[in-house]
Amino acid sequence: MSTPADRARELIARPKQTPDALRAALAVVAPGRLEEMQATKDEAFAKAVEWQSLSPVQSWVLLWARDIEIARRPDLSSRFERAQSNLEDEDPVIARQALQELTAVLDEAMKAVRG
């Protein structure tokens with residue numbers, strides 16, 4: 001659970017897990033990803049119809065909630081960017097540490113959005 005000090009460092013409040021709320025949040029924290037969000041939403045809804053299952057839509061919501069969680073929290077965002085930049089380092093130790101850190105950031109963000 002976040003403390004008042006943590007919340008003060010958040011760019012925006014955590015959005016509700018609805019397509020409209022996630023889109024509005026993404027428009028603030030990462031507007032350059034709106035087209036990507038729409039494309040993946042279209043794919044998820046098409047799969048949902050094809051599979052006659054809501055699981056693709058539920059997965060879409062969780063993945064975007066996770067990505068927005070990272071983008072709205074400067075602490076996670078900087079860790080994520082630093083880890084990504086070191087993923088292909090020539091030094092295998094640095095690359096492995098980057099992968100571990102990237103995994104840790106993704107796990108922390110997913111845990112936060114799942115409550």
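The model is predicted.

**Helix H3**

H3 runs over residues 34–51 and holds 18 residues. From first C-alpha to last it reaches 25 Å, close to the 26 Å expected at 1.5 Å a residue.

Four residues of H3 are named as buried: Leu34, Met37, Ala44 and Ala48. They cover an arc of only 85° around the axis, which puts them on the same side of H3. An α-helix has 3.6 residues a turn, so residues three or four places apart point the same way. The other side of H3 carries exposed residues: Glu35, Val49 and Glu50.

What covers the buried residues of H3? Helix H2 (19–29) and helix H4 (55–72) are included in that cover.

Most residues other than glycine have a negative phi. Gln52 is not a glycine, yet its phi is positive, at about 55°. Is Gln52 buried or exposed? Its relative accessibility is 75%, so Gln52 counts as exposed, the cut-off being over 50%.

Two packed helices are described by the angle between their axes and the distance between the axes. Helix H6 (residues 92–114) takes part in a packing with H4 and in another with helix H5 (residues 74–86).

| Pair | Angle between axes | Axis distance |
|---|---|---|
| H4 and H6 | roughly 110° | within 8 Å |
| H5 and H6 | about 150° | 8 Å |

Take H4 and H6. Their axes cross at roughly 110°. H4 and H6 are therefore roughly perpendicular to each other. H4 passes H6 in a right-handed crossing. On the H4 side, the contact is made by Leu62, Leu63, Ala65, Arg66, Glu69 and Ile70. On the H6 side, Val105, Leu106, Ala109, Met110, Ala112, Val113 and Arg114 make it.

Now H5 and H6. They pack at an angle of about 150°. That makes H5 roughly antiparallel to H6. The crossing of this pair, H5 and H6, is left-handed. H5 brings Leu76, Arg79, Phe80, Ala83, Gln84 and Asn86 to the contact. Residues of H6 in this contact include Ile94, Ala95, Ala98, Glu101 and Leu102.

Definitions and conventions: Residues are numbered from 1 along each chain as its sequence is written. This is a predicted model: local features need pLDDT of at least 70, side-chain atom pairs count only at pLDDT 80 or more; totals for chains, interfaces and linings use all residues. Side-chain values use heavy atoms; hydrogens and water are left out. Helices (H or I, at least four residues) and strands (E, at least two) are DSSP runs, numbered from the N terminus. The expected span of a helix is 1.5 Å times one less than its number of residues. Buried means under 20% relative accessible area, exposed over 50%, partly exposed in between (1.4 Å probe, protein chains only). The arc is that of the directions from the helix axis to the C-beta atoms. Contact means heavy atoms within 4.5 Å. Axes are lines fitted to C-alpha atoms, for helices over the stretch in contact, and angles run from 0 to 180 degrees between N-to-C directions. Angles under 35 degrees count as roughly parallel, over 145 as roughly antiparallel, 65 to 115 as roughly perpendicular and the rest as oblique. A crossing is left-handed if the near helix is turned anticlockwise from the far one by less than a right angle, and right-handed if clockwise.
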